[in-house]
Each structure stands twice: as C-alpha cells, then as structure tokens.
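User: I would like to learn how to read the features of a model such as this one, step by step. Could you take me through them, giving the general idea before each case?

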Amino acid sequence: MIFLCFSSHDRYSIVKSCLYHLKNYGYDTWYDYHELILGDKKHEKNFVKAIQSCDYFVIIYSNNLLNSPCAVNEEALIYAEAAKRDVTIFPLLYNLKFSELPFEIQDKIENLIYNEITDDTGCIEPVNQMVVKILLDEMGYSEFDFTPSIDSFLLRKIDDNFLKTILLEYLSISKENFNARISILYCVYKYIETNNVLKDIPIHYSQTINYLSHYTKLNIPYNHKELIIAELVIINLINLI
C-alpha cells in the first residue's frame, strides 16, 4: 500500500491529482479522507497503524507542509519507520526547490531521487516513476539492476505463435517510434486478455495498461516512462503464462 503524506492545504491543488493517477493505475493508497471516519483516533490509525502497514510513502513537501506541525510529525514518523525496515520514500517538492528546504530535510532526501512539481507539471511523471519502481520490486529487481526489457531471450519462453510474431515486430520498430511501440504492447495485452491465455490477470496489471491507453490515447510525443511501464507489465504477464 502507498501512503500519502501532505498538508491538508495542498489536498485540492496537487494531492488529489497524485491520488487520482495512483488509483487509476490500480494501486491501493492510504488517503486519510477515505480511511478515517468520525470518532477514529487519528494518531493511532493514521500515524501508527497506516504507516506500519505501508511499504511506499509519497511525501509532498511544500511550504504548507513545512508549516503544519501535524504533517511534519507524520513525515518524521515515516523516516522513523524507514530506519526500522525496508521501505521506499518518494519525495515530491511542490512549488519548492531543494535549496529552499530546511537543512534537516535536505539531509534526509539528498540521497534519494526526488521530483520538483508544480501546478503546471502535475503529478503524472513522478507517478509513472513510482509505478516503475513498484513493478520492479514485484519482479525482484533491486535499484542496482538494469531495468528489464522485452528481448529475444524473453521471446524464447513463448509458445504462442501470434504472441511471438507480434513481439518480434515490436523489437523491429525504432525505439523512437513511441506510438507504434505502445500500440503493439496494448494489442499484446488485449490478446492475452481476450484469449484467456491467463485466466486471472492481476488487477493492477490490467488497470495499468488500460489507464495508459486511456490517458495517452496511444499517442506519446515524449516517453515519460509509459513504454517502460507497458513493457514491465507485458514481461510479468508472459512470465505468468
């Protein structure tokens, strides 16, 4: 599960956008408005139980967060949890530069990959990076491994002649032809789905491919991790066949 840490003042400007993309990709996300109900003990349920049950944390640093004692406390608990077990923290700097952060926060994130976001950039690019990270974790790859891709070795595992033929075509297409490549991967997914090659496709795989198709319209002028996400999903599905 993915935990969102933020100031309530940023809820409608940027947080809901991040939540929207994560949910549409099919990932369970802890969001206080959805999980907390009247009468709950906020500290125990939101700060303790939720943080202990999540493996991924999105911290949206902003001037609002820095001025919110509640959010700052939540952020500190996340790093305390990270000191006890292996978790992943995704820092997003909302309308802030790294140099504008307090030194103690700079020390926390200087060794992490972070993204600077604004209302104009939105959240889709950093969310795509989160999805890549989670898919790689599911595949057992560490941060020091090269990102796997569809290759001739993978094709040797495939018995289905149509799948093998269309993926050979995929490999023959220029890597800069983003539209053709993601269109073929979408067709591969639809073939797997409609021909029952897999009886039970993991829900977040199907939601991921369908959401990629929905928001890109299979038209990618620039590749913001969309092709990597699609390839990783197809690789996982092929390994499940």
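**Reading the model**

Analyst: Lysine 217 is exposed, with a relative accessible area of 60%, and as this is a predicted model, that value, like the others below, is computed from predicted coordinates. The cut-off to keep in mind is that exposed means over 50% relative accessible area, buried means under 20%, and partly exposed lies in between.

User: Where does lysine 217 lie, and what is its phi?

Analyst: Lysine 217 sits in the loop that links helix H11 (203-216) to helix H12 (226-240), and its phi is near 55 degrees, a positive value in a residue other than glycine. Leucine 218 belongs to the loop between H11 and H12 as well, and has a positive phi of about 55 degrees although it is not a glycine. As for accessibility, leucine 218 counts as partly exposed because its relative accessibility is 21%, where the cut-off for buried is under 20%.

User: How should I read the overall dimensions, and what radius of gyration does the chain have?

Analyst: One compares the radius of gyration with the value for a compact globule of that length: with 241 residues such a globule would be near 18 Å, and the chain has 20 Å, which agrees. Along its principal axes the C-alpha trace spans about 60 × 35 × 30 Å, and buried residues make up 47% of the 241 residues. Turning to contacts between residues at least 6 apart in sequence, 68% of them join residues at least 24 apart.

User: How many helices and strands are there, and what is the order of the strands in the sheet?

Analyst: The chain has 12 helices and five strands, and an open sheet of five strands, with parallel pairing, has the order S2-S1-S3-S4-S5. Its edge strands, each pairing on one side only, are strand S2 (29-30) and S5. H7 packs on this sheet, where it touches S1, S3, S4 and S5, and its direction makes about 175 degrees with that of S4. Helix H1 (residues 11-24) lies across strand S1 (2-5), S2, S3, S4 and S5, and runs at about 170 degrees to S1.

User: How do I read the two faces of a strand, and which residues of S4 point which way?

Analyst: In a regular strand the side chains alternate between the two faces of the sheet. In S4, Thr88, Phe90, Leu92 and Tyr94 point one way, whereas Ile89, Pro91 and Leu93 point the other way, and all are buried. Because seven of the seven residues of strand S4 (residues 88-94) are buried, this strand is largely enclosed by the rest of the structure.

User: Which strands pair with S4, and over how many bridges?

Analyst: Strand S3 (residues 56-61) pairs with S4 in the parallel sense over six bridges, and within this pairing phenylalanine 90 of S4 is the bridge partner of valine 58. Three bridges join S4 to strand S5 (residues 115-117), and these two strands run parallel, with tyrosine 94 standing opposite isoleucine 117 in S5. The chain crosses from S4 through H6 to S5, in a β-α-β crossover that is right-handed.

Notes: Residues numbered from 1 in each chain as written. Predicted model: local features only at pLDDT ≥ 70, side-chain atom pairs only at ≥ 80, totals over all residues. Heavy atoms only, no water. Buried < 20%, exposed > 50% of the residue type's maximum accessible area, 1.4 Å probe, protein only. Helix = DSSP H or I, 4+ residues; strand = E, 2+ residues; numbered from the N terminus. Pairing = 2+ DSSP bridges. Right-handed = clockwise from strand over helix to strand, strands pointing away. Contact = heavy atoms within 4.5 Å. Axes fitted to C-alpha atoms, helices over the stretch in contact; angles between N-to-C directions. Rg over C-alpha atoms; globule rule 2.2 N^0.38 Å.
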